[in-house]
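Welcome! Please take a moment to look over the sequence and the structure, and then read on for a guided walk through them.

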Amino acid sequence: MASLLSRFQSWLTSNRIRARELGLLLFACTGAAVWLFILDAPGATYILPAATHVSQRPALMWGFTSLALALFAWRRWREIDALLEEAETDVLTGLHNRRMIESLLEREFDRAMRYGRPLSLILIDVDHFKRVNDTHGHAVGDNVLATLARRVQRRMRISDHFGRWGGEEFLLICPETDTTDAMLVADRLRKSIRHKPMRLVGTVTASFGVSTYTGQGDYTALIDEADHYLYAAKLQGRDRVISKFTLMAQDALRREGRADEAEQPIQSQTPSDPDRLSSVLSTIMAPLQRKRERRFGR
Ligand SMILES: Nc1nc2c(ncn2[C@@H]2O[C@H](COP(=O)(O)OP(=O)(O)OP(=O)(O)O)[C@@H](O)[C@H]2O)c(=O)[nH]1
């Protein structure tokens, strides 16, 4: 008997059923049987003869049954909701995990494609993160990731989506955002990471790759493009933002024989930073603007 009971208990545990829930379920089943009896369903009298007494007060029985069923459903719903949230959240940072951010990206990409709206991606990768782990330990490395996540979260728009792409890489999805704006956003984030030293580690920097949907390809191509620019940012010395525009500007500067300037990051740590970024962007945009004006006669 004892072993039967313990087996029943372990079955309850393995099926995540608590005794209170089982009680509620039994109560709901009893209520349902009583209702069968009240409705004079065939065989109901054999299922629950004792229900005759309770059926004298059908309103009370109806109330109890509904309450029991509602409580049971509510508890189950909360558990399922918690499990779903757990399945979509990165435990370390509390951000969307890879699966969730990828499905959000797919959704935003479909929307951008259908309505012809701009959509930019910012792929962020912590610089020399292996060194942080090796020098200070994995726990401190984890703390760096969590701090970076909080800093970005505090500065992103409410309509943006932010998630952990994997390891020390993060993805920010910016709907309704063109390349120029996405670069400014990325640069603001870059500064917010760099300028405030992190506990035990000191200054941490990150590199950024920015890609924008141009009406071609699918969302994986957009990710690949951001990854390509992120790789370029790492190659060019890290702690910088690279997009299609940056590479175009660098090409333009090289063609003009200003190779030295092309090697400088478009953003620097000087207060004139945004000026330089916008001046380089306007250098690239000017011919495009002239072409557009010629075409549309404006
Ligand atoms: N603490 C911690 N480390 C992680 C986590 N995920 C990945 N890493 C570590 O992140 C490091 C990434 O190293 P690399 O890919 O060589 O990149 P890096 O050292 O940042 O160099 P660059 O990206 O080229 O600047 C590896 O040592 C991983 O073990 C994590 O969740 N927590």
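**The whole chain**

Please keep in mind that this is a predicted model. The protein chain contains 13 helices and five strands. It has 298 residues, and 28% of them count as buried. Among contacts between residues at least 6 apart in sequence, 62% join residues at least 24 apart.

**Around the ligand**

Now find the ligand in the picture. It is surrounded by 17 residues, and the closest are D127, F129, K130, G141 and G167. Which elements each supply at least two residues of this shell? They are β1 (119–126), α7 (129–136) and α8 (138–155). If you sort the shell by residue type, you get eight charged, five polar and four nonpolar residues.

Two packed helices are described by the angle between their axes and the distance between the axes.

Start with α7 and α8. These two helices pack at an angle of about 140°, and their axes are 7 Å apart. Angles over 145 degrees would count as roughly antiparallel and those from 65 to 115 as roughly perpendicular, so α7 and α8 are oblique to each other. On the α7 side, the residues that meet α8 are F129, V132, N133 and H136; their partners in α8 are H138, V140, G141 and V144. This contact divides into four nonpolar and four polar residues, with no charged ones.

From α8 the contact takes L148, R151, V152 and R155, and from α9 it takes R188, L189, S192 and I193. Sorted by type, the residues of this contact are four nonpolar, one polar and three charged.

**Buried or partly exposed?**

Next, turn to single residues. A residue counts as buried if 20 or more other C-beta atoms lie within 10 Å of its own, as exposed if 12 or fewer do, and as partly exposed in between. Helix α11, residues 244–255, holds A249. A249 has 22 C-beta neighbours inside 10 Å, so it counts as buried. F245 lies in helix α11 as well, and because it has 23 such neighbours, F245 is buried too.

D142 sits in helix α8. Its count is 13 other C-beta atoms within 10 Å, so D142 is partly exposed. G217 is in the loop between β4 (206–212) and α10 (219–235). With 14 C-beta neighbours inside 10 Å, G217 is partly exposed.

| Pair | Apart along the chain | C-alpha separation |
|---|---|---|
| D142 and L92 | 50 residues | 7.2 Å |
| A249 and A262 | 13 residues | 7.6 Å |
| G217 and D178 | 39 residues | 17 Å |
| F245 and E168 | 77 residues | 25 Å |

Let us finish with the backbone. Most residues other than glycine have a negative phi. With 13 other C-beta atoms within 10 Å, L200 is partly exposed.

R238 also has a positive phi, of about 70°, although it is not a glycine. Look for R238 in the loop between α10 and β5 (241–243). It has 16 C-beta neighbours inside 10 Å, so R238 counts as partly exposed.

Notes. Residues numbered from 1 in each chain as written. Predicted model: local features only at pLDDT ≥ 70, side-chain atom pairs only at ≥ 80, totals over all residues. Near = placed C-beta within 6 Å. Helix = DSSP H or I, 4+ residues; strand = E, 2+ residues; numbered from the N terminus. Nonpolar A, V, L, I, M, F, W, Y, C, P; charged D, E, K, R; others polar. Contact = placed C-beta atoms within 7 Å. Axes fitted to C-alpha atoms, helices over the stretch in contact; angles between N-to-C directions. Parallel < 35°, antiparallel > 145°, perpendicular 65-115°, else oblique.
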